[in-house]
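Could you look over the structure below before reading my points? They are written for someone who is new to reading such models.

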Amino acid sequence: MPVFSRRRLQEMFSYLESSLGNGEAIDLLSRLEGRDTNAALAAEIELGLLWSISNVSETELHPALQTKRRPEAYCASLFPSAPAYIEITAISDDTFSDRDKMERVANIVSGFANRIAKSANQHLYFEFTEQSGFQNGRFHRSRRVTSDFALTEEFERSIREWLVSDRREQSKVRLTNDKIDVVISWKKSVHKEGRTFSSMPAIAYHKEDNPIYRRLQEKRSQLSGVPKGALKCIFLGDAGCNALHDLKPINQGSHAVSGEQIIWHFLDRAPIDLVAVFSPQRQNMYDFRSRRIWRVTYFDKRNASEAAAKSATDALEYVGLQNIASKLPAPQYEGYQARSLHRQGSFDPQARGQYLGWAMSTRGGLMTAEIKLSARLVLEYLSGRITLDQFRHFGGNPDALNSMLSSGQTLKEVRIESAGVDEDDDYFVFTLDIDPAASPLKPAGRINEA
């Protein structure tokens, strides 16, 4: 899976299964294995946080309240000041970007285009325009696409004339009315996951009219029955949401609002005590090779009026949040990467594996060589799922083995080296040494010479 390895997901699920209840367990599994990217990534983060919370504090999952609603978790000791009821959710930029609306338009147009030109859907690229201005004194910016778009006779005629023309690869067709404004071009090849584009980024322009605020409002109702004296907390996971990844961006336009502003605005108006954001990020944002960690940022209504510097007592209050973040297994990717990979099918257990790289070392005067290769990659090659060229491309490095064989070495030992629960792969470790079967015969006194 994009956020955690499948092995780790299985371990976390098995740990929590008996506490989840049959209905919750089945629902969680169906979301994890489903094709809906947003639901699957949200389920991964939900499972990870519940697992981590349960390892940090004594936890009751889906506790009963006086109302019919059941929060995701109850922790008696996560915060020193009071017990806490917790709701968990995750958000991606898909909720900001109108991607579902744009994909719907692309599917409708592509379906019609395929009837005019065979496999036209593999070549169509859609660029959606935007509009902006002030309405009733409020700045408004939106993409020119609606959820009720339909092909008109005029649109069909324009598409047909464009597709049958000799200049379709050099020209474009534009569909525009009060429902849509999109420019369609013909490309040599278009990947389905990258066929739609809008110049408008996934940014919020109002503190309430945005997906983060709406999601927080939904979770607020889940905590409506929490008893007096207990904390009401919402944990937000970054599943590829720029506003949660960068809560206080430097440059996003004078009319835009940040994730931080949205969350504080919500806390000012809701009977919720704390919102914590968990985001998979590089430890050093300026170093691409830096390892990935979970960064937690909390917003506590009780301390909203205080300066950024907290007292020692305040710091102790939030140790549990830091422990949850540190207990979480390191994410395989940042949120936006995970979202993209999931769309491409990397979540499927039968998809191409997540391969470990190869390594080679030598030891001793006998030039004994040890070569590590991805066990999943070797298995897929031997099973015929990939070709020799693919084996080489994905890091199999048959040239290294060929070099050893050419130097007179053959296999002496093959073993499996586990890469652990946070990798969906292991190593085949090949040990090679000089062997008369592949090297020139020598006088007895020189057999052990390199």
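**Notes on the model**

1. The buried residues of helix α15 pack against β13 (359-363), β14 (368-374), α14 (388-393), β15 (409-417) and β16 (427-434). Here helices (H or I, at least four residues) and strands (E, at least two) are DSSP runs numbered from the N terminus, buried means under 20% relative accessible area with a 1.4 Å probe and protein chains only, against over 50% for exposed and in between for partly exposed, and contact means heavy atoms within 4.5 Å.

2. This is a predicted model, in which local features need pLDDT of at least 70 and side-chain atom pairs count only at pLDDT 80 or more, while totals for chains, interfaces and linings use all residues. Residues are numbered from 1 along each chain as its sequence is written, and side-chain values use heavy atoms, with hydrogens and water left out.

3. Which residues of helix α15 (residues 398-406) are buried? They are Pro398, Ala400 and Met404, and because they cover an arc of only 160 degrees around the axis, they lie on the same side of α15; the arc is that of the directions from the helix axis to the C-beta atoms. After α15 comes Gly408, whose phi is positive, near 95 degrees.

4. Elsewhere, four strands form an open sheet with mixed pairing, in the order β7-β8-β4-β9, where two strands pair if DSSP finds at least two bridges between them. Since β7 (172-176) and β9 (196-198) stand at the edges with a single partner strand each, one side of each is left without a neighbour in the sheet. From one strand to the next, the twist averages 20 degrees; axes are lines fitted to C-alpha atoms, for helices over the stretch in contact, and angles run from 0 to 180 degrees between N-to-C directions.

5. Within this sheet, β4 (residues 124-128) and β8 (residues 181-186) pair in the antiparallel sense over five bridges, and Leu124 has Trp186 in β8 as its bridge partner. Helix α5 (residues 99-116) packs on the sheet, touching β4, β7, β8 and β9, and its direction makes about 140 degrees with that of β4. Helix α6 (residues 153-164) also packs on the sheet, touching β4, β7 and β8, and its direction makes about 175 degrees with that of β7.

6. For the protein chain as a whole, there are 15 helices and 16 strands, and 47% of the 450 residues count as buried. Its C-alpha atoms fill a box of roughly 95 × 70 × 45 Å, taken along the principal axes.
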